[in-house]
Amino acid sequence: MSLIDTPRHQGMRKKLVEGLKIKGIRDEKVLEAISRVPRHAFMDSSFVGFAYRDQAFPIAAGQTISQPYTVAFQTQLLDVFPLCKVLEVGTGSGYQAAVLCELKAKVYTIERQRELYVSAQQLLPGLGYQPAFFLGDGYKGLPTYGPFDRILVTAGAPYVPEELLGQLVIGGKMVIPVGKTDSQEMLLITRIGEDEYVTEKHGSFVFVPLLKGTVN
Ligand code: SAH
């Protein structure tokens, strides 16, 4: 894993961002954030040469670092603003959390695999990103830290967890892929009242599954 960011890396990121624009990502702030985060620092050493391909890659614990297009798409839908409180479910490599930090969000990120929780916690501060890290079951959210302006789930959920809905502020938004294990629908859920939510569908994606409990 190389933490050094060279002009070559920056050039490859610029190309990646051009590709994301062509694929329909429009939000300039999101594109700028992606152009600043050194994705190669988040990759396993065997795949580091592919860091700026628009593809998902394996990380530790049988998980994946999401495809940049998916990260950009989810981040764009999430519509974060400076200092907004964001809960990310599924820290994984920490790449998505870093993108949210670049957008100046106050990021709380939760992971169920201890190995990933530890490595992200070791990596991100050295890159200048300071989210709050939690080891736990994201189905339950973080009741003592909520409510949140935004909730982003980065694993495929079989259903929308009730606890997460309850941890949104009124007016808050959640982006969550929901469906069977082979394909999920990207949902944008807005809480418009105490017990009122509006759901929009935004296309099909494939994520690793949202699983219960924690793994040591
Ligand atoms: N956001 C990550 C994507 C990682 S893949 C990145 O940018 O790299 C999804 C992650 O969700 C995996 O690390 C997986 O272990 C984690 N996960 C799955 N179910 C979870 C749960 N219930 N609570 C917290 N994390 C979970």
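Which residue lies over the face of Tyr95? The legends below take that contact and others in turn.

**View 1. Charges over aromatic rings.** Arg39 lies over the face of Tyr95, at 5.7 Å from the ring centre. A charge sits over a ring if NZ of Lys or CZ of Arg is within 6 Å of the ring centre and within 35 degrees of the ring normal. Lys85 has its charged end over the ring of Phe148, 5.4 Å from the centre of that ring. The model is predicted, local features need pLDDT of at least 70, side-chain atom pairs count only at pLDDT 80 or more, and totals for chains, interfaces and linings use all residues. Residues are numbered from 1 along each chain as its sequence is written, and side-chain values use heavy atoms, with hydrogens and water left out.

**View 2. Aromatic pairs at Tyr108.** There are 11 aromatic pairs in the structure; rings of Phe, Tyr and Trp (its six-membered ring) pair if their centres lie within 6.5 Å, and planes under 30 degrees apart count as stacked, over 60 as edge-to-face and the rest as tilted. Tyr108 and Tyr145 have ring centres 5.9 Å apart and planes at 50 degrees, so the pair is tilted. Tyr108 lies in strand S4 (residues 106-111) and Tyr145 in the loop between strand S5 (132-135) and strand S6 (148-153), so the pair ties together parts that are 37 residues apart in sequence. Helices (H or I, at least four residues) and strands (E, at least two) are DSSP runs, numbered from the N terminus. Tyr108 and Phe148 form an edge-to-face pair, 5.4 Å centre to centre with 70 degrees between the planes. Tyr108 is buried at a relative accessible area of 9%, Phe148 is buried at 0%, and Tyr145 is partly exposed at 38%. Buried means under 20% relative accessible area, exposed over 50%, and partly exposed in between (1.4 Å probe, protein chains only).

View 3. Arg36 and Glu102 meet through their side chains in a salt bridge (2.7 Å, N to O), that is, a side-chain nitrogen of Lys or Arg within 4 Å of a carboxyl oxygen of Asp or Glu. Arg36 lies in helix H2 and Glu102 in helix H4, so the pair ties together parts that are 66 residues apart in sequence. Arg36 is partly exposed, at 36% relative accessibility, whereas Glu102 is buried, at 16%. A network of salt bridges links Glu32, Arg36 and Glu102.

**View 4. The salt bridge of Arg150 and Asp79.** The side chains of these two residues, Arg150 and Asp79, form a salt bridge at 3.9 Å, N to O. Arg150 lies in strand S6 and Asp79 in the loop between H3 and S3, so the pair ties together parts that are 71 residues apart in sequence. Arg150 is buried at 7% relative accessibility, and Asp79 is partly exposed at 37%.

**View 5. The second largest pocket.** This pocket holds about 250 Å³ of space. Its lining has 14 residues, of which Lys29, Val80, Pro82, Glu102 and Leu103 lie nearest its centre. On a 1 Å grid over the protein atoms alone, a pocket is an open set of points where a 1.4 Å probe fits, with protein on both sides within 12 Å along at least five of seven lines, and lining residues have an atom within 4 Å of a point. Grid points are joined across faces, edges and corners, and a volume is the space filled by probe spheres set on the points. H2 gives the most to the lining of the second largest pocket, with four residues.
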